[in-house]
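The following note comments on the model shown below.

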Amino acid sequence: MAKVDHSVPLEYSTEENDLKIFGFWVFLGAEIMLFGTLFAAYFTLVDRTGSGPSGAEIFEITPVLAETFLLLTSSFTIGLAIHAMRLGSKKATLTFMGITLALGLAFLSVEIYEFLHYVHVGAGITVSAFTSILLTTLGTHGLHVTVGFFWGLFIMIQIAKRGLNPETANKSFIFSLYWHFLDVVWIFIFSFIYLKGMM
Amino acid sequence: MAKYFPLGQVMGFVFSLVLTVVALLVYFMDMSMTTGMIVLLVTAFLQAGLQFIIFMHAGESKDKWSIYSNIVYGFAMVLITILGTLLILLWDM
Amino acid sequence: MEFFERFMIPHPSFLIYVSMVLIVLVSIALVGVITYFKLWGYLWREWITTVDHKKIGIMYLLMALLMLFRGGVDAIMLRYQLSMPENTFLDAQHYNEVFTTHGVVMILFMAMPFITFFFNFLVPLQIGARDVAFPRLNNLSFWLFFMGAMLFNLSFVVGGSPDAGWTSYFPLADVEFSKSVGTNYYMIAIQIAGIGTLMTGINFITTIMKMRAPGMTLFKMPMFTWSALIANLIVVFAFPVLTVALAMGAMDRLFDTQFFAIGNGGMDMLWANLFWVWGHPEVYILILPAFGIFSEIISTFSRRNLYGYNSMVWSMIVISVFAFTVWTHHFFTMGQGAFTNSIFSITTMAIAIPTGVKIFNWMFTLYKGKIEFTTPMLYAVHFIPLFTLGGVTGVMLAMSAADYQYHNTMFLVAHFHNVIIPGVVYAMLAGLTFYWPKMFGFMLNEKIGKATVWVMSTGFLLAFMPMYITGLDGQARRMYTYSESTGFTTLNMVSFVGAGIMAVSFIMLVWNIWYSFKNSPRNIGSDPWNARGLEWATHTPIPAYNFAITPDITDSTSEAFWDMKHKGTEIFKGDIKKIHMPNYSGVPFIMSCGFFLLGFSLIFSMWIPAIVGLIVVLACMAYRSFEKDHGYYIPEEEVKATEKQYEKRGAK
């Protein structure tokens, strides 16, 4: 086993752990640019609806609010999971992670409902430049949440089996960074796609 | 039980809910486009800052300046890209 | 039968049939040789699964040289086609395909792996590290790049090459006008290679920021490491833009979305915009490491330290921001207003300033230096004036009003070759010659090497100077022919001759490698050039663990090895201890094969194999999540024994 430094939280305690956390922050930089580009394309194409509907015609406030509160809360609970992990409680960590993933799943269900609704009202992905970029931007975020769901599940299995050690703690912490980041992206989607579109 | 709910994070969560409600005002109230956009920009960036600093502990390790520079550089490049793109393709086309 | 028809080439020609036969024969020969010498196990154990940054670097180098050959053949074909008016060597369609693949191959599959080779080989050595931050990710990066490159090259014989230019502008690149699967290859192969590049970027930023030897502050890093840091920073923030643009382009072609389509609100100009938001920073990703290499070479052979270290660093930091603010100059004529064009004209001219600072720094380094004209130095000395010429024509092109005259002419083609060849290609070849003994334990022949440089520069000038003239006279780029009455004939013939001379210089390079392999002495020690950087403080050949004792450069400058040799600064303090090393793994290779299957199936819209490929990729990721991988230790005794052997051979 590698050297363990006990003066810092478990997730930072080996050199490898420290590198992974730093590397993941750099990766998040790339993700900022990825979603930034999608936003650039969205703002360019938002009024180019062709023969399809516009945002104001298809957005519904209820599912959007539901998604927002589900994701905000899940971001809070994954923060609590990391806090519990630092207190050394395996049970509390797993509980909070479980709640987080359940909220994530609920978010995805609402999003799938939303997508079906769009297709139903004639705003499928092939209808216009606007619907293409709308569904691609939302879909990219949704895909990230889906990947995050399975990733989180794998980490929960590992914590349950192997306990809290430098390795699982490191994975959980990095996962929490990812999950919080998806919330950041959602805030921008919520503000500049939905609310601006319905204003 | 209370030890699992640190005050900082609970306050952060409450604050983020408040910011969401403030942002929702642009939907429920009649605002001009400019006012609305200002409200949305302020609330969105405050929320993002909240997540990065309180929830993601961006400033807790010895690499905090690298991490902050990374995020700031990222946001700066995104803003340049978005504003440049809109300038080229919409505002000055 | 219908199933197989899609794999046919839509515009077959004699040349393509010849290359099909050649590809099959070479593949059979390769498999035969490997099987005959029982090398499969060796290849798998020592190369395919390797996480050693030096070996991964050498694999990048091989790919770069291979692709240099392929892109070079394309170039000769293009120049031959244009050497005479109304030439019938290539028809319009074939010409389109050749210039498209020439551009993509040279930029993305030759220049990119070449600089990545230098990142891999040099950065850990220059900062005194044992490996990169994520050795296994590094292996994955290589194989993703490899699969992307192979997929792209497959287009030549299966299904048809892309033919919409390396910029692949819409609406031309849409299914309506590009009916073959060629552009699908473009969208998907570059995507796969691009993901690999993005991971390389993350890997090297982490390596440089976190793994420097004790005492090496940021402003004590060797200049190449600085250039690698900045280039990788640009990679991490520019490549996601390409990822998004390619994904949108691929969706437009495969799933009938409307991003860039005409009608239904799509905007073809958005593609051009996004492409260049990535494309311009990409230019700096290529040129900054080249500057880094030249900085190392010029200070070594001027026998003095680099002039203006701090201004070199700051100019690169400024470039890292400005690189993202100039992209519009690639499409001044697209239709945006004079206001926008003026802004981007000014930023473009402004970015010439930090570049100019670097040119002056090199010249001040040469000034009063004890210059020694070795082959790498000769490349560097040719680079300075030739590159400056390219820079000056770049400032001409930066003036948006004048650009209406230059746009889409041979003048532009001359300009960007004028910066890329003396800038990037010369740097890569100079660096290759310079670090060759460190890699392979013998030097390349100096006589042949210097002759190569002179032949290459002669060929370069003959090939590209005429294009400036024909360009100003109105010869359009990407046109497969012209009539005799235009008067372009002589100059285009000169250009072809120049291209031929450049081809000779590349053959000389290959000959040099062969000749030196046969004849060069092997007892050259570990520092044949009397060099300066920490990378030369290792043994030759470099042991797997690089440094037996982690160097401590608290008391040294950015040229730690020079200080050690001439000022007696101690850098290897302490005793040899056991060394932690990462495990080799075959998973990244399998995962990349999954990506290849996924990509190939998407190109031909075959959904079931695409899903299989995706499952392979996801399964490898899941496997990685659950895997316990703690690396291994090289015991202290083994390190000591290895070090003894080097001492016995008289190293250092």
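1. In α3(B), the residues T81(B), T85(B), I88(B) and L89(B) meet M269(C), L270(C), N273(C) and V277(C) of α9(C). Here two residues are in contact if their C-beta atoms, placed from the backbone, lie within 7 Å. Helices (H or I, at least four residues) and strands (E, at least two) are DSSP runs, numbered from the N terminus. The residues of this contact divide into five nonpolar, three polar and no charged. Ala, Val, Leu, Ile, Met, Phe, Trp, Tyr, Cys and Pro count as nonpolar, Asp, Glu, Lys and Arg as charged, and the others, Gly among them, as polar.

2. The model is a predicted one, in which local features need pLDDT of at least 70 and side-chain atom pairs count only at pLDDT 80 or more, while totals for chains, interfaces and linings use all residues. Residues are numbered from 1 along each chain as its sequence is written, and chains are lettered from A and ligands numbered from 1 in the order in which they are written.

3. Two packed helices are described by the angle between their axes and the distance between the axes. For α3(B) and α9(C), the angle is about 145° and the axes are 11 Å apart. Axes are lines fitted to C-alpha atoms, for helices over the stretch in contact, and angles run from 0 to 180 degrees between N-to-C directions. The crossing of α3(B) and α9(C) is right-handed; a crossing is left-handed if the near helix is turned anticlockwise from the far one by less than a right angle, and right-handed if clockwise.

4. The contact between chain B and chain A takes 36 residues from each chain. On the side of chain B, the elements giving two or more residues are α1 (7-28), α2 (33-55) and α3 (64-91). Of these, α3(B) gives the most, with 13 residues. The chain B side divides into 22 nonpolar, twelve polar and two charged residues.

5. Chain C also touches chain A, with 31 residues of chain C in contact with 29 residues of chain A. The elements of chain C that give two or more residues to its side are α7 (182-210), α8 (223-254), α9 (268-302) and α19 (607-626). The largest share, seven residues, comes from α8(C). The chain C side divides into 18 nonpolar, eleven polar and two charged residues.

6. Chain A has six helices and zero strands. Its C-alpha atoms fill a box of roughly 65 × 30 × 25 Å, taken along the principal axes. Of its 199 residues, 59% count as buried; a residue is buried if 20 or more other C-beta atoms lie within 10 Å of its own, exposed if 12 or fewer, and partly exposed in between, with C-beta atoms placed from the backbone. Among contacts in chain A with a separation of 6 or more, 76% join residues 24 or more positions apart.

7. Chain B is divided into domain 1 (1-56) and domain 2 (62-93), with bounds that come from an automatic or database domain assignment. The C-alpha centres of these two domains of chain B lie 21 Å apart.

8. The largest nonpolar core has 284 residues, of which I234(C), A245(C), L274(C) and F294(C) touch the most other members. Domain 1 and domain 2 of chain B both give residues to this core, so the core lies between them. Such a core is a set of buried Ala, Val, Leu, Ile, Met, Phe, Trp, Tyr and Cys residues joined through C-beta atoms within 7 Å. Not counting residues up to four places away in sequence, F294(C) touches W362(C), A380(C), F383(C) and A427(C).

9. Most residues other than glycine have a negative phi, and most peptide bonds are trans. The peptide bond from F170(C) to P171(C) is cis, with omega near 5°, and P171(C) lies in the loop between α6 (135-154) and α7 of chain C. S168(C), found in the loop between α6 and α7 of chain C, has a positive phi near 45°. S168(C) counts as buried because it has 26 C-beta neighbours inside 10 Å.

10. A cis peptide bond also runs from T540(C) to P541(C), with omega near -10°. P541(C) lies in the loop between α16 (489-519) and α17 (560-566) of chain C. R303(C), in the loop between α9 and α10 (309-322) of chain C, has a positive phi near 55°. R303(C) is partly exposed, with 13 other C-beta atoms within 10 Å.
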